[in-house]
Structures are given as structure tokens and as C-alpha cells.
Amino acid sequence: MSTAPAHAPGGAAPGSAMGGAALPRHVAIIMDGNGRWAKQRFLPRIAGHRAGVETVRRITRHARTLGIEALTLYAFSSENWRRPAAEVSDLMGLLKHFIRADLNELVRDNVRLRVIGDYRRFAPDVVALVDDAIARTAANTGPLLVIALNYGAQAELVSAARTLAARAAAGELVADAITADDIEGLLETRDLPPLDLLIRTSGEYRLSNFLLWQAAYAELVFVDTFWPDFDEPAFASAVAKFGERHRRFGGL
């Protein structure tokens, strides 16, 4: 029998931009399909990634228009290091370009930029740009744009487990008394709204080590569209599907 989580989402916010339908507070997206989009067009993979960056711009703006409180994008996983070095370099270049080109807009639109994942493994110039962007938007009070960079959910959970084990070994807590709240409090998303909706593009049906704990009670929407073709109506449709679902959290 399933039970409600210790921190089940507290309900979606009213959706003024969705005609009164329930609006998810926190939406996450696995942005998949850039390479296959490029292959279909006989283009290099970098062309797909460039097109994907344009989609990021459109969807983040549309999320703000709809009133989404937090949007988390899976930009670079801890497994993406396995890709060819040239492709990783291209991805880092696109990240730098996005920050330089879009930071002023984020500041102007009162967006708070957050990063989850060990992005400090990146080259120093990339780390400096990310740090500057976070600092320049830290005082903003509007919607959250969360970028997952060198992020892996399993590593996040292992880190939390190690911290709790060390505290138990030091006598700071009793192992048998550890709760879901204790684990959640050590996750990188601990101060974000609970995850309501997770979208994956490109026709794949897996989470790929993304927000595994956080997605426990999230609504999942999988679409066949490759990320570069995922447009504002497609995003609005996914959000609308969230509003159509009855979330019971183990109850009736």
C-alpha cells in the first residue's frame, strides 16, 4: 500500500494564465533530442544543441508568462562527460553564450538563477560566469530558473546518506530516527517548491538520473517531440495535463 510522502507537494497554485486550471508551482524538464533533431536534418550535433538553446529561451519566457514559480532544466548530467570531448566543449561554449546573452534579461525580469549539481568541475571561466550570474540575480524576488549542471540524482542521494551516516557516527543523531525530512533537508533542492510536474521530450520514457527523490509524487509527462521543436503550445499542453490529473498522494 502506498503512503503519502513526508513532504507531499502542498497543492498547485491557481493558474491565472491557464484559465483557472491548477498550475504547477515547480516544473522540471529533461531536454532531450537535440542530436537526433540534427541527424534528421543531416546537420552536425552542435546545430541541434544551438537550436535547443533557442528553445530554452522560448520556454523559460513562456513559463514566466504562465506564472510558473520554479523551472528546473536538465542542462548537463554527470553522465554527459562520457560524450566526445569536442561535444562537451561545444556544450560549454553554448552555456557561456547563453549566460552572456541572457543574463541582463533575467535581471530585468526579476528572475532568480539557481544551479544544482557540481558545476565547479567545469573550467574556471565557466565557473566564474555561473557564479557571477547567480550573484547578480540573488536579490531578485521573481520566478526561479534552476539549471542542473553536472548533476546526478544518485550522487545527490549518496551525499545525503554519507552526511547522515557521519552525523550518526558522531552521536549527533540516532540512526533509527532518521526521517525523509532529514534526507530532503540535505538535497540541493531543499529550498525549492516541491516538484509538481516533470516533462521529458524526444519520446524516451525514463528519468535518466534526474531528480529521483523529488519526482516521487510528481506528475510525469512524456512527449515525442525533440527538444528543439518543443514550443510554447507544447509546454502549455503539458502544463494543462497536470491540471487535469487528480493527485491523491496515496489517499482516495
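1. The structure is a predicted model, in which local features need pLDDT of at least 70, side-chain atom pairs count only at pLDDT 80 or more, and totals for chains, interfaces and linings use all residues. Residues are numbered from 1 along each chain as its sequence is written, and side-chain values use heavy atoms, with hydrogens and water left out.

2. The mean pLDDT (the predictor's confidence in each residue, from 0 to 100) is 92 for the protein, and 89% of its residues reach 70 or more. Over residues 1-7, however, pLDDT stays under 50, and the model has eleven contacts beyond four places in sequence for this stretch, a contact being heavy atoms within 4.5 Å. Where pLDDT is low, the predicted coordinates should not be read in detail.

3. Glu156 lies in helix α5 (residues 153-169); helices (H or I, at least four residues) and strands (E, at least two) are DSSP runs, numbered from the N terminus. Glu156 is buried without a salt bridge, and the nearest side chain of opposite charge, Arg190, is 6.8 Å away. Here buried means under 20% relative accessible area, exposed over 50% and partly exposed in between (1.4 Å probe, protein chains only), while a salt bridge needs a side-chain nitrogen of Lys or Arg within 4 Å of a carboxyl oxygen of Asp or Glu. Leaving aside residues up to four places away in sequence, Glu156 touches Tyr151, Leu187, Glu188, Thr189 and Gln214.

4. The largest pocket has a volume of about 890 Å³. Of the 40 residues that line this pocket, Met31, Tyr74, Ala75, Phe76 and Asn80 are the closest to its centre. Helix α3 gives the most to the lining, with nine residues. On a 1 Å grid over the protein atoms alone, a pocket is an open set of points with protein on both sides within 12 Å along at least five of seven lines, a cavity is a set where a 1.4 Å probe fits but cannot get out, and lining residues have an atom within 4 Å of a point.

5. There are two cavities of 30 Å³ or more, and the largest cavity has a volume of about 60 Å³. Its lining includes Thr60, Arg64 and Pro143, and α2 gives the most to it, with three residues.

6. Two residues in the loop between β7 and β8, Ser208 and Leu211, deserve a look. Ser208 has a positive phi of about 50° and is partly exposed at 30% relative accessibility. Leu211 also has a positive phi, near 50°, but is buried, with a relative accessible area of 1%.

Notes. Lys and Arg count as positive and Asp and Glu as negative; His and the chain ends are not counted. Grid points are joined across faces, edges and corners, and a volume is the space filled by probe spheres set on the points.
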